[in-house]
Every structure is written in structure tokens, then in C-alpha cells.
Amino acid sequence: MLTMNAVPGALKGLTRDGWLLFFTRFMRLFAYGSLSVVLVFYLIALGLSASQTGLLLTLTLVGDTVVSLYLTTRADRIGRRRMLIVGAILMAAAGLAFAFTKNFLLLITAGTIGVISPSGNEVGPFLSIEQAALSHVVPARTRTDVFAWYTLAGSVATAAGALFGGTIAHALQRTTMTPVGTYRVVVVLYAALGVLLAYSFTRLSPEAEVSLPQEGSALPGTIGSFFGIGRSQRMVMKLSSLFALDSFAGGFVVQSFAAYWFYLRFGVNPGTLGVIFFWANLFAGISALLASRLASRLGLIKTMVVTHLPSNILLILVPLMPNLSLAVLVLLLRFSISQMDVPTRQSYTMAVVRAEERSAAAGITGVARTTGAAISPLFVGFMFARPSWINAPFFIAGALKIVYDLLLYKEFVAIQPPEEL
């Protein structure tokens, strides 16, 4: 049984709402991780081509962007709990639609309106609103540490989900079930976890909400007021443009396509892929804990850049490896430092905007990331349809991410959050 002595210091002050948000994060990322390993296999088994699959995943992320933008920019005014419940319902509905139709147009409709994660990473309104709620219930001095554990919880959940999804699909393929049937089991589980997520969000208390000032921080009728930001508008827009570039680059190597690349290049089965991405996501989560310690010495922006650059170099090296063992080794090394910028990025965004604009700011920057990531799979689908191009996504992703790191340092190294002043 977990006692308070076993709880990390940064988490001892968490309220009931804080622990509930950790639980919803874990459950959601488990669902995302399990689906990401089999999603491309499932769509191909349904009869979709690689190009159609890339188009579907792109439109899925575009839809997630629109949904997220609407829900997150209104969450602080309408209610964070309400918006989280709506997002969970859309997640469940999308899972059910994907499970019970193979019509391409219906899949596009479900993916566009609903919430589906092809990457194993966060999509939809959840992360942005949860970040704002956590920032509301923890002190500034422990915010980065809490976000680091929050990131770890998600990475462990994604890892466990990837292991489960790959293992269960591979095990069921030894039975009389068809390949598409084995993958559908994971898709149905995704929908079921969406239902459970919606129920869990109903347990959030009013303490997770924010009290808005009598007068909004943005002038009526301005773009800022429409999107829920005022004085933070310029800062949020600059961050969003850079985050979009980073995610556009990352979209070339989303977990679903990375898993499929290992299959095309080395013939790796879903069970083995589950194991590979279990360890990859576990290492990524552990790296997030190291980020908070490094940030206390270097600062948030410097930590983001110093840890992100070498991970991008390793990403470029993955397809250059001559065999599976070396490719997996480089991939795992990359994941072991790839997430150190995540809690620092989240903490920095929450620190430099006003409290009543946090959901909107996190939502807008999150939508920018989703928008960037939504475009890339379209190109990857075409590349995977041509055997000579299957390594190109790794090179493109790594190079663009390095450009992002350099621009981020140039623009924001001089802008420090309050706790670093």
C-alpha cells in the first residue's frame, strides 16, 4: 500500500483533484499507447492503402485541433470539468466508430470529429486543461517537479499501453481470429477507456476551476478575448509558432509510423514492437524526472534546448543503423533524453501567462503542436508507399527539430519565469 513516506516530496502536497488528474492522465495515455502500436496495421488490414492511411491520420489530427481549440479556449469560462467530459465522450465515440466501420469516409468523419491518437502522445483538450488545473492547485516552486512526475505517469502509461496493445494483438493472432479482428480488440478497449475517462472527470471538484476577474484581461471583440487570452497574446503566439514547427517535425516519426517502419525495414511483429516501445516510453518518462533537477540549475529554456538537440541527432541516426539491434539501441538512447523538454516546456508556458489565461494558453500552444503534427503524416504516407523513401521521415524530423531548438533559444533565453528571477 502506498504511504505518504513513499510519495515523492513534490507530490505530497497534491490535493484529491491533483491525484485524480494523474489517474486520468495515466488511463488516457494507456489507451493512446495501446492504439498507436496497432493503428496503422489495423487500417491497412481494413483495406486502406498507405496513402489513404496517411491522409486519414492527418485529417484525424486536424479534427483534434479544431475540437481542442474550441474546448480549451472556453474551459476557464465555461468550466474545466465540463470540457474534459466532452473530450472524453468524443474519444469514446471515435473509438467505437473506428471499431465498427471500414468505410473510408465514415472513418474520416469519426477521426475528424472524435479524438484519436495515432502517435501515442496527447491529443484533444485534455493535456491543456489538466495543466492549467494542476498549476492552479500546486505552488510555483514545485510546479516543474509536479509536471515532471505528471510526464512520467503519461510515459509509463504509454509504455504499458504499447506493450499491452502489441502483446494482445500478437497473442490473438495465434488463435482463429483474423488479423483485423485482433487489432479491433485494442480499438474497442480504447473506446471503453474513453467512457471510463468521462466518468472519472465527473469526480473533479470545483477547486480545479479558476475564478475569473470581474473584467476580462482582453478587450471585448478582440482576437485575444475570443481565444481566451489578453496580455499574454504576443507571448503565446510566439511560443505556438515554434511549438508547431517542433510538432510538424515530430509528426514525421509518430509512434504508429515508427512502428510500421520497423516492420517494413526489419519485419518486426506487433508483439516485439510492443516491447520496443514499452522500453522507449519508459525511458522517456524517466528522463522527465531528470529534467526538473537540471532546470533548477540551468533554467527552463536552457534545459529544453540542451537536452533536445542530442535527441534529434540520435533520431537522424536511427535509419542509418545496419541492423535491428543497433536501430533499437539508438532509438532507446534517443527516447532516454527525448522527453526532458516536455515538463520544462509545460511549466514555462504556465509560468509566463496570467492564471486566468492558462487553459487558453495551454490550449492554443497545444493546438499549434497538433496542427503541426497533423500535416506531416500525409507526407509520410506517400513516402512509405515508395520503398526508397521510407528512411526520409527520420532525416526530415531530426533536421527540423534542430532548427526549432536554435530558434527557441534565440527568442526566449532572456525571458525568465518568475521563480527564476
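The model is predicted. Helices α3 and α4 pack with axes that cross at roughly 165 degrees. Helix α12 has 18 residues, and Thr365 lies in helix α15.

**Helices α3 and α4**

- Helix α3 spans residues 80–100 and helix α4 spans residues 104–113; their axes come within 8 Å.
- Angles over 145 degrees count as roughly antiparallel, and α3 and α4 are therefore roughly antiparallel to each other.
- The crossing of α3 and α4 is left-handed.
- On the α3 side, the contact is made by Leu90, Ala94, Ala97 and Phe98; on the α4 side, Leu107, Ala110, Gly111 and Ile113 take part.
- Seven of the residues in the contact of α3 with α4 are nonpolar, one is polar and none is charged.

**Helix α12**

- Helix α12 covers residues 300–317.
- From first C-alpha to last, α12 reaches 27 Å, close to the 26 Å expected at 1.5 Å a residue.
- The buried residues of α12 are Leu300, Ile301, Thr303, Met304, Val305, Thr307, His308, Ser311, Asn312, Leu314 and Leu315.
- The cover over these buried residues of α12 includes α6 (140–172), α9 (233–250) and α11 (270–298), as well as α13 (324–338), α14 (341–351) and α16 (392–412).

**Thr365**

- Thr365 is part of helix α15, which runs over residues 358–384.
- Buried means under 20% relative accessible area; Thr365 has 6% and is therefore buried.
- Apart from neighbours within four places in sequence, Thr365 is in contact with Val236, Leu239, Ser240, Phe243 and Thr349.

Note on methods
Residues are numbered from 1 along each chain as its sequence is written. This is a predicted model: local features need pLDDT of at least 70, side-chain atom pairs count only at pLDDT 80 or more; totals for chains, interfaces and linings use all residues. Side-chain values use heavy atoms; hydrogens and water are left out. Axes are lines fitted to C-alpha atoms, for helices over the stretch in contact, and angles run from 0 to 180 degrees between N-to-C directions. Helices (H or I, at least four residues) and strands (E, at least two) are DSSP runs, numbered from the N terminus. Angles under 35 degrees count as roughly parallel, over 145 as roughly antiparallel, 65 to 115 as roughly perpendicular and the rest as oblique. A crossing is left-handed if the near helix is turned anticlockwise from the far one by less than a right angle, and right-handed if clockwise. Contact means heavy atoms within 4.5 Å. Ala, Val, Leu, Ile, Met, Phe, Trp, Tyr, Cys and Pro count as nonpolar, Asp, Glu, Lys and Arg as charged, and the others, Gly among them, as polar. The expected span of a helix is 1.5 Å times one less than its number of residues. Buried means under 20% relative accessible area, exposed over 50%, partly exposed in between (1.4 Å probe, protein chains only).
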